[in-house]
Amino acid sequence: MYRRWGRPPVGAKPIGAELWAAFAAESDEVADEGWANLTAMFGGQFCASLSALRDEQVVVEPALVFRPWDGSARVDRDGISSDNRRRHGSLPAEAVCVENLTPWLKLLPCRDRAGIAALLGSRSSVFGAEYVSFTARVRVRGDALELTQSATLVVDANKIAREPEGGHRLTSLLGVDRGGGANGIRACAAATSTVVHAQTKGGTAFAFGGRRVDTDTAVADETQPPSRPAARHRRAGGLSWDVSASEDFDVAVRPGGGDEGIVAPELYAERVVTGSGYHRGGISIELRRPEGSKSGEGSKSGASGTRARLFQTLPWYVRVF
């Protein structure tokens with residue numbers, strides 16, 4: 001997936017459903033009870049079969065992953081043995097569909113009626129994408145809960161006609177009706193703020209409506225004609241526009257040529273099953289740097305390599321020896 005589309009802006013997940021949680025529990029029994037309540041709550045909230053994750057055969061207790069790590073070889077034994085206990089479970093056969101998206105949208109202040117989530121209004125475009133993933137992350141912040149939602153889609157831009165300014169509008173890519181010539185989508189009045197961030201590589205981002213947030217990562221393109229929207233070339237961190245007060249807004253991206261727009265990850269991971277049966281069968285996992293990466297070239301010249309922690313869950317019926 002990463003080889004074909006590059007590194008996503010947020011962590012992407014494989015097909016199926018995945019749930020992991022951290023519990024401030026004094027014992028495993030207390031953590032298991034919290035896990036059972038959590039699977040029931042999220043399963044009901046998102047209309048998913050997460051209750052199947054109560055089975056001990058599909059739940060693991062990660063020791064090193066899902067914890068802060070500075071990349072060093074040192075292992076924080078005190079942190080692992082503390083009362084902060086982890087649980088992780090996954091259901092590869094749980095496919096994402098409309099009945100999962102609808103409750104996910106209900107957690108937003110304007111659902112898909114306004115705001116950035118209005119780009120998800122066309123269900124056929126969303127679930128017709130080559131890849132689609134929805135996540136929800138809940139963290140305890142004192143006496144309050146912090147909810148972070150993300151939607152990741154891979155859309156084939158070659159199937160959509162380009163705009164007159166030479167790029168692709170998000171509304172066109174996702175099949176959203178712009179309402180007879182309007183720029184795009186309305187800001188959510190119930191939201192405290194609405195900010196659009198565009199991140200490109202080797203391309204140009206245009207904003208229709210909204211106020212650009214000044215950063216040190218972008219410069220204005222003074223060569224554009226006055227009739228065209230303001231263009232900003234990306235340097236390092238991308239571009240942001242505050243669209244909280246906009247009646248309607250949209251963003252268009254003109255990608256670079258060839259593979260310039262693909263942001264390669266630091267490492268590729270591949271896993272294949274070899275042979276068959278207990279005697280000849282096996283699992284091969286390979287970690288590899290992208291070709292031409294600076295870190296890969298540096299390691300050949302004697303520089304320190306990249307450390308990685310690998311988390312692999314095996315079915316209960318597979319014996320490792």
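Two strands count as paired if DSSP finds at least two bridges between them. By that rule, strands E2 and E3 (residues 84–91) pair in the antiparallel sense, over 2 bridges. The model described here is predicted. The protein holds 8 helices and 15 strands, and 31% of its 321 residues are buried.

**Overall figures**

- The protein exposes about 20,100 Å², of which carbon and sulfur atoms supply 51%.
- Among the contacts in the protein with a separation of 6 or more, 65% are between residues 24 or more positions apart.

**The sheet of E1, E3 and E2**

- Three strands form an open sheet in the order E1-E3-E2, and the pairing is antiparallel.
- Strand E1 (17–24) and strand E2 (59–60) are the edge strands, each pairing on one side only.
- Helix H2 (residues 28–45) packs on this sheet and touches E1, E2 and E3. The direction of H2 makes about 140° with that of E1.
- Strands of a sheet pair through backbone hydrogen bonds, in either a parallel or an antiparallel way.
- E1 and E3 run antiparallel and are joined by 8 bridges. Leu19 has Gly89 of E3 as its bridge partner.
- On the other pairing, that of E2 with E3, Val60 has His88 of E3 as its bridge partner.
- In a regular strand, side chains alternate between the two faces of the sheet.
- E1 has a covered face made of Ala17, Leu19, Ala21 and Phe23. The uncovered face of E1 carries Glu18, Trp20, Ala22 and Ala24.

**Cysteines**

- A search of the whole structure finds 1 disulfide. Cys110 and Cys188 form a disulfide with their sulfur atoms 2.0 Å apart.
- The link of Cys110 and Cys188 is right-handed, with 80° about the S-S bond.
- Cys110 lies in the loop between helix H4 (98–106) and helix H5 (123–127), and Cys188 lies in the loop between helix H6 (170–173) and strand E7 (195–198), so the bond ties together parts that are 78 residues apart in sequence.
- Cys110 counts as buried because its relative accessibility is 17%, and the cut-off for buried is under 20%.
- Cys188 also counts as buried, at 5% relative accessibility.
- Cys47 has Cys97 as the closest cysteine by sulfur position, but the distance is 8.6 Å, too far for a bond. A disulfide requires the two sulfur atoms to be within 2.5 Å.
- Cys97 is in no disulfide, and the nearest cysteine sulfur to it is that of Cys47.
- Cys47 is partly exposed, at 40% relative accessibility. Cys97 is partly exposed too, with a relative accessible area of 28%.

- A pair of aromatic rings is described by the distance of the centres and the angle of the planes.
- Trp104 and Phe134 are both buried; the relative accessible area of Phe134 is 18%.
- Phe127 counts as partly exposed, at 26% relative accessibility.
- Ring pairs link Trp104, Phe127 and Phe134 into a cluster.
- An α-helix has 3.6 residues a turn, so residues three or four places apart point the same way.
- The buried residues in H4 are Asn100, Leu101, Pro103, Trp104 and Leu105.
- The cover over the buried residues of H4 includes H2, H5, E4 and strand E5 (144–154). Helix H2 also packs on the sheet described above.

Technical notes. Residues numbered from 1 in each chain as written. Predicted model: local features only at pLDDT ≥ 70, side-chain atom pairs only at ≥ 80, totals over all residues. Heavy atoms only, no water. Helix = DSSP H or I, 4+ residues; strand = E, 2+ residues; numbered from the N terminus. Contact = heavy atoms within 4.5 Å. Axes fitted to C-alpha atoms, helices over the stretch in contact; angles between N-to-C directions. Buried < 20%, exposed > 50% of the residue type's maximum accessible area, 1.4 Å probe, protein only. Areas by Shrake-Rupley, 256 points an atom, 1.4 Å probe, with all protein chains shown as cover. Phe/Tyr/Trp six-rings, centres within 6.5 Å; stacked < 30°, edge-to-face > 60°.
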